Each structure stands twice: as C-alpha cells, then as structure tokens.
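Good morning, and thank you for coming. Please look at the sequence and structure as they come up.

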Amino acid sequence: VQLQASGGGLVQPGGSLRLSCAASGSIFSINGMGWYRQAPGEQREWVAGITSGGTTNYVGFVKGRFTISRDNAKNTVYLQMNNLKPEDTAVYYCAADTKYSSGSPPNKYWGQGTLVTVSS
C-alpha cells in the first residue's frame, strides 16, 4: 500500500492550503484515515482523523480552521487548512488503516509527508 501526499507549499499567515493523500495498492477497505504533522525539532503529533463513515475529530488548536474529508471511491483523504498561522509550519503526514482482505487485520500506512510553510 502506498500513500501519496500532495498540496504543501509556502503560504502567508491567514492563507489557505488543501492537502490531498491518495492510497493505492492492495486495498480491500480503509478504516480510519488521518493527518499528522511534525514541526522542526518536535515530535510528530496527530492533527485530525476521519472514520470510514465520515466521523471527524480534530486536535484542539486546529478546530474551526482545518477540515478533514475523504472520498472513499478514490481512497483519498483531504485536509483543508484555513487561517494558517506560522506555528502551523510543519511536515504534514497522512496515514490510513487499511485491510487487504475482509478477514485481515488493519495495518497502518504512512505517506511521505508534504511540507507546509506559513511565513510572510
């Protein structure tokens, strides 16, 4: 299973970006999908998650600014980021819990990361 993340870049404070992450490979189904981030010198932290049924959850400091969504037909998860702040600067990673058959346990896979820089 491969996860390909895209959409990062340089944006000014207050701006917006939309990240995408497409999963491909031996996938029977995908349970939860999510986004994490890692700022320079910091540990990776969870940002947002979405279940296969569309239930979403967010870490407190992005609530009201970030929106996670997914397209199950495309095995793709998105992160719409609005009102970005310099402290949002980080490498953003997507993750997906996938199953390769109906009876297999889910395994977590990670994307390669996409850099988001918020700076004037």
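Let me begin with a definition: a salt bridge is a side-chain nitrogen of Lys or Arg within 4 Å of a carboxyl oxygen of Asp or Glu. Please keep in mind that the model before you is a predicted one.

By this rule, the count is four salt bridges. One of them is formed by Arg37 and Asp88, whose closest N and O atoms are 2.9 Å apart. Arg37 belongs to strand β4, residues 29–38, while Asp88 sits in the loop between β8 (76–81) and β9 (90–99), so this pair ties together parts that are 51 residues apart in sequence.

Are these two residues buried or exposed? Arg37 has a relative accessible area of 5%, and Asp88 has one of 1%. Both values fall under 20%, the cut-off for buried, and therefore both residues are classed as buried.

Asp88 has another partner. Its side chain also meets that of Arg65 in a salt bridge, with an N to O distance of 2.7 Å. Arg65 is in the loop between β6 (56–58) and β7 (66–71), and Asp88 in the loop between β8 and β9, so the pair ties together parts that are 23 residues apart in sequence. Like Asp88, Arg65 is buried.

Let us turn to another pair. Asp97 and Lys108 form a salt bridge in which the closest N and O atoms are 3.4 Å apart. Since Asp97 lies in strand β9 and Lys108 in strand β10, residues 107–110, this pair ties together parts that are eleven residues apart in sequence. Asp97 is partly exposed, with a relative accessible area of 22%; Lys108 is also partly exposed, at 41%.

Finally, I come to the glycine. Gly15 is placed in the loop between β2 (9–11) and β3 (17–24). With a relative accessible area of 18%, Gly15 is buried. Which residues does Gly15 contact, if we leave aside its neighbours within four places in sequence? The contacts are with Met81, Asn82, Asn83 and Leu84. Gly15 and Leu84 are 69 residues apart along the chain, and their C-alpha atoms are separated by 5.5 Å.

Thank you for your attention.

Note on methods:
Residues numbered from 1 in each chain as written. Predicted model: local features only at pLDDT ≥ 70, side-chain atom pairs only at ≥ 80, totals over all residues. Heavy atoms only, no water. Helix = DSSP H or I, 4+ residues; strand = E, 2+ residues; numbered from the N terminus. Buried < 20%, exposed > 50% of the residue type's maximum accessible area, 1.4 Å probe, protein only. Contact = heavy atoms within 4.5 Å.
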